[in-house]
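Colleague: I'd like a close look at one part of this protein. Could you take me through how the helix in question packs against its partners, and then what else is worth a glance?

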Amino acid sequence: MRILQYLALCAAALIGGAAQAQVSVKIGVMNDMSGLYADLSGPGAVAAARMAVEDFGAEKKGIKVEIVSADHQNKPDVGSNIVRTWIDVDKVDAIVDVPTSSVALAVNDVVRDKNKVFLVSGAASSDLTGPKCSPNTVHWTYDTWALANGTGKAIVKTGGSSWFFITADYAFGHALERDTAAVVEANGGKVVGKVRVPLNTSDFSSFLLQAQGSKAKIIGLANAGGDTINSIKQAAEFGIVKGGQNLAGLLVFISDVHALGLPTAQGLILTEAFYWDRNDESRAFAKRFAPQYKGNMPTMVQAGVYSAVLHYLKAVEALKSASDGKAVIAKMKDLPTDDPLFGKGTIRADGRKLHDMYLFEVKKPEESKAPWDYYKLRATIPAAEAFRPLKEGNCPLVSG
């Protein structure tokens, strides 16, 4: 009898230990699900997050992962309220993606105050690793400094000496204009004018006429998604490029090129962190991703969600907990990053994820051999050069 009792106690202890070893994680993917950024982020980012959980093998490793999603409608107050509810009521541990820098900056404050994790893939403002850096945030995929020093520098060095900016009138656009203008002027160019445009504008005619009237060699589009698509389409209708001026799409996604079509988008120079057709690993990922999202190839934002969630889960596994956001981010910084889409890299003290960036040119229609075969590589920008030097960001987390 005593032996049976002993065995029963042992079994209970083993069961209890197994239950105790189970780590529960809830991840909230928040972005624009239905508006001008839906194709570059949206439901595709949710699909990418689920793929990361599956590829990590979370269940086999004793980690129970639940993914929830929401549409922030590109409004900071909406995004902040969703995140507060997620954390306080729904017990969400990590917020992922969040395009629209004004929303991301607001969420950044909430997540820091609540000591959870913020993995930014969609937002671009370099302030997230500068004055607004947080011990609870990693800026994963790209930022305005990287875009400016990729696309902006390349265009100035090939003769684009005078610029006029058409800028989305919120935090992202302001940061992209600021960072690109700094690059233009540092390389001997000149900014001759700028105009601020409300988010989600359908008619760019008056703004394009101002740019045309400036006689600037380059019209810098400091916007994204649907705004970029509309401004490029309408610039073609005005014959701006035929008239001798050139467009610089400072943030162009493959989803934008797809929407524009190669006859309109051909020749655009752009900077990306990821291209689906770059290597065998990216092609394999894209082949699995496409059926889950309207047959589309993944954007760099969606790929960044996958990569960030994968690394986050590695940190949770190492800590055997997701409860302390600062501890999880610290572990993410300790662990070298390594995944099939972004390769090997690191996360700096300011929360900047370091990896190579790529300067692409959009192919001419006759150069494209298959659907979504849109880019040709002009240059690889090494990780050490792709992002703003640590000492220049004014991040409070960086000593000295």
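Predicted model: local features only at pLDDT ≥ 70, side-chain atom pairs only at ≥ 80, totals over all residues.

Colleague: The part I mean is helix H2, residues 42–56. Which residues make its contact with H12?

Modeller: Let's start with the H12 side. Helix H12 covers residues 300–319, and its axis comes within 8 Å of the axis of H2, with the two crossing at roughly 35 degrees. The crossing of this pair is right-handed. From H2, the residues that make the contact are Gly44, Ala45, Ala48, Ala49, Met51, Ala52, Val53, Asp55 and Phe56. On the H12 side they meet Gln302, Val305, Tyr306, Val309, Leu310, Leu313, Lys314 and Glu317. Sort the residues of this contact by class and you get 12 nonpolar, 2 polar and 3 charged.

Now for the other partner, H11. This helix spans residues 280–289, and its axis and that of H2 come within 11 Å and cross at roughly 115 degrees. That angle makes H2 roughly perpendicular to H11. The handedness here is right-handed. H2 puts Gly44, Ala47, Ala48, Met51 and Asp55 into this contact, and H11 answers with Phe285, Arg288 and Phe289. By class, the contact of H2 with H11 holds 5 nonpolar, 1 polar and 2 charged residues.

If you line up the two lists, Gly44, Ala48, Met51 and Asp55 of H2 turn up in the contact with H12 and again in the one with H11. Ala47 is listed for H2 in its contact with H11, while Ala45 and Phe56 are among the H2 residues that meet H12.

In H3, the residues involved are Pro76, Gly79, Ser80, Val83, Arg84, Ile87 and Asp88. They meet Ser102, Val103, Ala106, Val107, Val110, Val111 and Lys114 in H4. This contact divides into 8 nonpolar, 3 polar and 3 charged residues.

Searching the whole structure turns up 1 cavity of 30 Å³ or more. The largest cavity has a volume of about 80 Å³ and a lining of 14 residues, with Thr100, Gly122, Tyr142, Ala224 and Leu251 nearest its centre. That lining has 11 nonpolar residues, 3 polar ones and no charged ones.

Helix H8 (225–237), strand S9 (246–249) and helix H10 (262–265) supply at least two lining residues each, and H10 gives the most, with 3 residues. The pocket lining splits into 10 nonpolar, 8 polar and 3 charged residues.

Conventions:
Residues numbered from 1 in each chain as written. Heavy atoms only, no water. 1 Å grid on protein atoms, 1.4 Å probe; cavity = no way out; pocket = protein on both sides within 12 Å on 5 of 7 lines; lining within 4 Å. Points joined across faces, edges and corners; volume = space filled by probe spheres on them. Nonpolar A, V, L, I, M, F, W, Y, C, P; charged D, E, K, R; others polar. Axes fitted to C-alpha atoms, helices over the stretch in contact; angles between N-to-C directions. Helix = DSSP H or I, 4+ residues; strand = E, 2+ residues; numbered from the N terminus. Left-handed = near helix turned anticlockwise from the far one by under 90°. Contact = heavy atoms within 4.5 Å. Parallel < 35°, antiparallel > 145°, perpendicular 65-115°, else oblique.
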